[in-house]
Amino acid sequence: MKMRILTMLMSGLGCVAQAQMPVSPTPAPQPQPTAAPAQAAPAQPQLDISGAPANNPNAEPTNPKLLGMEIPMLDPSNDTISYNGGKFDVGNNAVVRAKFEAYLHGTPDTSEETRQYSKKIEKILKYVRGHYKSQQSIGSDALIQIGKTLYSLSEVPTDGQHAGTLASCIVNALDAQRANRTRRIENARINKELDSLARTTNNLNKSKSTNNSFLVAYNTKKIAQGQADQAKNAATNVQSELAAKVSYQSNMVNFLFMRRYDHAVIASRVYRHVFHDGDNTMKIEKDSKADQFLKSTTGLPPTVNTVDTLANEARTSVDKHMEAVHSMLAQNKLGAATQHLIEAVAIGEHMISVLTFPVEGRRRVAEYWTLRKRALSALNARDYAMVDQIAAKMKALDVEFDDSMLLSYSAGKKRQSDLCIRNARKALMAGDDEEFNRCITEAGTIWPLNPNLDASAKHLEAFDNNSSVLAEFRTLFARKEYRTIFKEQERFECVAVDPELKAQYKEVILVISTIDAMLKQLESVAEQDRVMGPCIAYEKLVEYSTTEPRCVDDPGYKDALNLYAQKAHDFVQALRDAEECEKRHEFGSALANYYRALCLYPKSTLAGQGASKVSDIIVKAQY
Amino acid sequence: MVIGVVVLLAGVGFFFASPSGKRSSGKPQDFSIREYRNDGSRMAVPGNRYLLEGRVENIETIGNSRIVAVSLKNNRNERLPLLVSKDTILKVNLTRKDSFLFEVECRTGRDSSGNEVKGILVVKNAESTK
């Protein structure tokens, strides 16, 4: 039913429908999700938020056509309309958006004039509905009164002169009926006259007088003339009746298509009281577009009642949508409220319930609608940071808003862009300009506002100025200022263009990283044991310098060595004294110093090895 | 005559003041391991003899010789290395954690290359303090 109503709406608007649907199926530059992902099924990837048709039109059944145009078909499962082989989200179409926004930002028509208009229309509807049920005929006077009332209502701006058109229809039909009745009376009078002439002629023939022959001939001629007049009047009646019906029905269908459902209902229910012949069939050309459209609703030949049914269903549907809007707003379900309001406005923007929807409700829906539109814009602009922000706001506004699709889509694109930047950096390090340019372009295309692009720009700058950087690197490496290189490693990444420098660069990074990791570990050890911790740290540093002699030039290493030497002063002093004693060949004192160091840190490898060495010398000497 | 008497007295005095007997007065002496560590050349004059009471903290055997780490009464946190040469036969068996009275002599030796090995305290005798 909903589908039928919207189908009627979209097709009936004629030019509106034509404007709403993009005629040229221009494919979008990049596939995008729907603006309201919560409402769009993920299984519909061909849905295009820009309103462009889907890529696979052949998969869809052909829609019926009306007035040379394809009728859009609504799919209630996802609120999309199939048209011209494409699928469109009703909420995303440009014209629907524009009309809906105009409605949201308009003021409710709560004037007294509109209220009175509504009352009078309801009164007329009630009156004709009563006679429709009771099967009583509405007299000419009552019809004239309805016409007069409708004429007066046509002055109200809300009506848009449609009541006047309806009144004219009724009056024109009544005029046609009146003229037909006059012709039928005329035919009756002619019939009586012909009867009289026939009797007179018959009597003249019986008298057999030759003088009567002229009179007989005259009467015969008059009878023939009268019969011709009767036939002419009868033909005129038939023609007039048909013209009146076609005119009336045409306006009735027009009201339906113009979404003036009240007028369509009044016209259809007054119809049988204007035309008493009991013929309710629509006088439209067989198999014409309009005929096919009305047949498509029931599959049977269209009648006046078909129009009545469609108009009533539309009215009911709009009222239900508006009830749902109020209910959803009360529950803070703005997404659902917005969807219902869009459909209510699209189907029956002239209905009183839609026109009088209060400002506060419109403001809340407008706020949500604006966010939804901004989400669409942000997706089109590929500003995924903004998408995340908007999703959060929509979630805050609507308790039922499902932000998972927006967020997952956004996160996916962000990761994709970051991956491209990573690949670009690799290409930069490998000296591959072409690959670098390709990856950076791709990253920018996927997420133009990716903040990591700025960092890449710096890399590119460094890449451009690499000759001076290479020279600086060589100088620093020769001076063994590894930590300076390490601190500015991103700037020096470009040295990778030279294989030899690349190896040196990797070496520097490895050495300093290892030292830093070791220093961090030793810091923790020294913290845990404040007595022996510094001894352990000092000894580890000294031992490391034997395996990695380059560390002794590192300021970080030197600082740490000094620090722990200070903290483990006695231990370090004992070791140093032992070495000094060894130099003076005072091996007894040297051994005593090593013993002292072992007393302070029994597990000391340096002291243990020193003591062992000196002991050996002492024992082997000759005294 | 007088000169002859003076020379004789001096000779007797020198005999009694010889290194082996100079500080071996029979009582344990104060010995600063710290000073020995810091200034071995002053403390360990070759030929000086010391009588030290100390506790054996560690014994390291290298070949047939031993190096005994001894802590003295005045400073238990220091260890004094004493060499017990393979040629020295002691009256007692040195055991860890036991205290002994060591009679030591400061010596300077030479290694196989002829280099000096200064300030080594060589144990001449040891007695148990128990």
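Predicted model: local features only at pLDDT ≥ 70, side-chain atom pairs only at ≥ 80, totals over all residues.
Chain A is built from 25 helices and five strands. Of its 623 residues, 37% count as buried. As for how the chain folds back on itself, contacts between residues at least 6 apart in sequence were considered, and 65% of these in chain A join residues at least 24 apart.

Helix 11 (residues 334-348) and helix 13 (residues 359-381) have axes that come within 10 Å and cross at roughly 100°. Since angles of 65 to 115 degrees count as roughly perpendicular, helix 11 of chain A is therefore roughly perpendicular to helix 13 of chain A. On the helix 11 side, the residues involved are A:Leu334, A:Gly335, A:Ala337, A:Thr338 and A:Leu341, and these meet A:Arg364, A:Val365, A:Tyr368 and A:Trp369 of helix 13. Sorted by class, the residues of this contact come out as six nonpolar, two polar and one charged.

Two exposed spots in chain A can be set beside that pair. A:Thr281 sits in the loop between helix 8 (261-274) and helix 9 (289-298) of chain A. This threonine counts as exposed because it has 12 C-beta neighbours inside 10 Å, and the cut-off for exposed is 12 or fewer. Setting aside neighbours within four places in sequence, A:Thr281 is still in contact with A:Pro301 and A:Thr303. A:Pro301 lies 20 residues away along the chain, yet its C-alpha atom and that of A:Thr281 are separated by 7.5 Å. A:Lys487, in turn, belongs to helix 19 (residues 482-487) of chain A. A:Lys487 is exposed because 12 other C-beta atoms lie within 10 Å. From A:Lys487 to A:Ile509 there are 22 residues in sequence, while the C-alpha to C-alpha distance is 9.4 Å.

Further along chain A comes helix 21 (residues 533-547). Its 15 residues reach 21 Å from the first C-alpha to the last, close to the 21 Å expected at 1.5 Å a residue. The buried residues of helix 21 are A:Pro534, A:Cys535, A:Ile536, A:Ala537, A:Tyr538, A:Glu539 and A:Leu541. These buried residues pack against helix 20 (499-528), helix 22 (555-567), helix 23, helix 24 and helix 25 of chain A.

Three of those partners turn up again where the chains meet: helix 23 (569-583), helix 24 (587-600) and helix 25 (605-620) of chain A are the elements that give two or more residues to the side of chain A that touches chain B. The contact as a whole takes 22 residues from chain A and 32 residues from chain B. On the chain A side, helix 24 supplies the largest share, nine residues. The class breakdown for that side of chain A is eleven nonpolar, six polar and five charged residues.

Strand 1 (residues 49-62) and strand 2 of chain B run antiparallel and are joined by eight bridges. Across this pairing, B:Gly54 stands opposite B:Leu72 of strand 2. The two strands form a hairpin with two residues between them, and B:Gly63 in the turn has a positive phi of about 65°.

Strand 2 of chain B then pairs with strand 3 (residues 75-84) of chain B, again antiparallel, through six bridges. Here too there is a hairpin, with two residues linking strand 2 to strand 3. Residues set opposite each other across this pairing include B:Arg66 with B:Val84 of strand 3, as well as B:Leu72 with B:Asn75 of strand 3.

As for burial, strand 2 (residues 65-72) of chain B is mostly covered, with seven of its eight residues buried. Strand 3 of chain B is also mostly covered, and there seven of ten residues are buried.

Conventions. Residues numbered from 1 in each chain as written. Chains lettered and ligands numbered in written order. Contact = placed C-beta atoms within 7 Å. Helix = DSSP H or I, 4+ residues; strand = E, 2+ residues; numbered from the N terminus. Nonpolar A, V, L, I, M, F, W, Y, C, P; charged D, E, K, R; others polar. Buried ≥ 20, exposed ≤ 12 C-beta atoms within 10 Å, placed from the backbone. Pairing = 2+ DSSP bridges. Expected span 1.5 Å × (residues − 1). Axes fitted to C-alpha atoms, helices over the stretch in contact; angles between N-to-C directions. Parallel < 35°, antiparallel > 145°, perpendicular 65-115°, else oblique.
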